[in-house]
Amino acid sequence: MKIDGRTLTRETLEAMRFMALDRMAEGESPVAISASFGMHRTWAYKVRLKARGKGKRAVQLRRAPGRQRTLTDGQERQVFRWVNGKNPRQYGFDFGLWTRQIVRELIAQRFEVTLSLASVGALLARVGLTPQKPLQRAYQRDPEAIARWQRETYPEIARQAKRDGADIYFWDESGFRADAVHGKTWGAKGQTPVVAVPGQRQGISAASAVSAKGAFWFTTYKGGLNGDLFVTMLRRLMRGRRKPLHLVLDNLPAHKTRAVKAYVASCKGKLTLHFLPGYAPELNPDELVWSHAKRTGNARRPLRAGEHLEDRIQLQLAEMAARPDLIRSFFRHPSVAYIADC
């Protein structure tokens, strides 16, 4: 049976040529060698003719040099520096996200070189840049205040809590909707999958407090949060508590009303509120609790007929509260590593 050499890999053909030369050197007939490989009877003769006077080097695999790159290594590194951590608006463009077209135009402006979009994509991949959904950060953020919180403010809170024999909890609120769908599923290409959700809208809010030791307290409520409702929640949180509590939370106006200040004062040092820097939710591990709850709960199994969202959320949060190991795992996230360092 004859073999079409075009169906074999270049590496396989090279190995066959080497073996053919060795066997002919031992006196075997070229015709027999060709037949043993399933090749045309003249194949081994051609291999021997090509190797005459040069040996195996003449029949070894040659790597194709390929097309020379348009940009130098130094220019490619410069493209990486332009894109990584920068904004196209810094270079005079009116769009805030990088695209291959914008990179292409910037290369043309700076290097006077025109590349295809495919070449730009290959270049970006080569230097280690990939298309990603960016995180959103408020421009009002104060990086110095964030660094000061991690380096000075929180360590002092931790030292004070240790001296007082107090607990440290992180507090946050979040909202849930019955028709919210998080995550992805599989479907035929070009046909968006459909997930059945309740036609009647249901919404519920929840508040929780977590500690690095694995404690998890929660409550649910309807409507918006105001100072009086927040005080009611604080009373529930403090009920039966023996140790003093340092509560870390964000700067929501409801957290700073006169009613809240009056209640904290009435606790006579047993409750102290500490406010995170503005626009820095990543410093609060309780944000990770809500992220987990929304990814794994109602979003994965929409409500059935007759079910109530509040019951579902309370059950899910109760299950989380029964898993201190899960709560502790949120404190190992890099964004809140500063807590474990204290």
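These legends describe close-up views of a predicted model.

**View 1. A positive surface patch.** Lys 50, Lys 54, Arg 57 and Arg 62 form this patch. Arg 62 sits in the loop between helix 3 (43-51) and helix 4 (73-83). Arg 62 counts as exposed because its relative accessibility is 52%, and exposed means over 50%.

**View 2. The salt bridge of Glu 28 and Arg 23.** Side chains of opposite charge can pair when their charged atoms come close. Here Glu 28 and Arg 23 meet at 2.8 Å, N to O. Glu 28 is partly exposed, with a relative accessible area of 31%. Arg 23 is also partly exposed, at 22%.

**View 3. The salt bridge of Glu 152 and Arg 151.** The closest N and O atoms of this pair are 3.6 Å apart. Glu 152 is partly exposed at 41% relative accessibility. Arg 151 is exposed, with a relative accessible area of 54%.

**View 4. The salt bridge of Arg 312 and Glu 307.** The two side chains meet at 2.9 Å, N to O. Arg 312 has a relative accessible area of 10%, so Arg 312 is buried; the cut-off for buried is under 20%. Glu 307 is partly exposed at 26%.

Conventions:
Residues are numbered from 1 along each chain as its sequence is written. This is a predicted model: local features need pLDDT of at least 70, side-chain atom pairs count only at pLDDT 80 or more; totals for chains, interfaces and linings use all residues. Side-chain values use heavy atoms; hydrogens and water are left out. Patches are made of residues with over 30% relative accessible area and no salt bridge: like charges are joined within 9 Å, nonpolar side chains (Val, Leu, Ile, Met, Phe, Trp, Tyr) within 5 Å. Accessible areas come from the Shrake-Rupley method with a 1.4 Å probe; for residues, only the protein chains shown count as cover. A salt bridge is a side-chain nitrogen of Lys or Arg within 4 Å of a carboxyl oxygen of Asp or Glu. Lys and Arg count as positive and Asp and Glu as negative; His and the chain ends are not counted. The place of a charge is taken as NZ of Lys, CZ of Arg, CG of Asp or CD of Glu. Helices (H or I, at least four residues) and strands (E, at least two) are DSSP runs, numbered from the N terminus. Buried means under 20% relative accessible area, exposed over 50%, partly exposed in between (1.4 Å probe, protein chains only).
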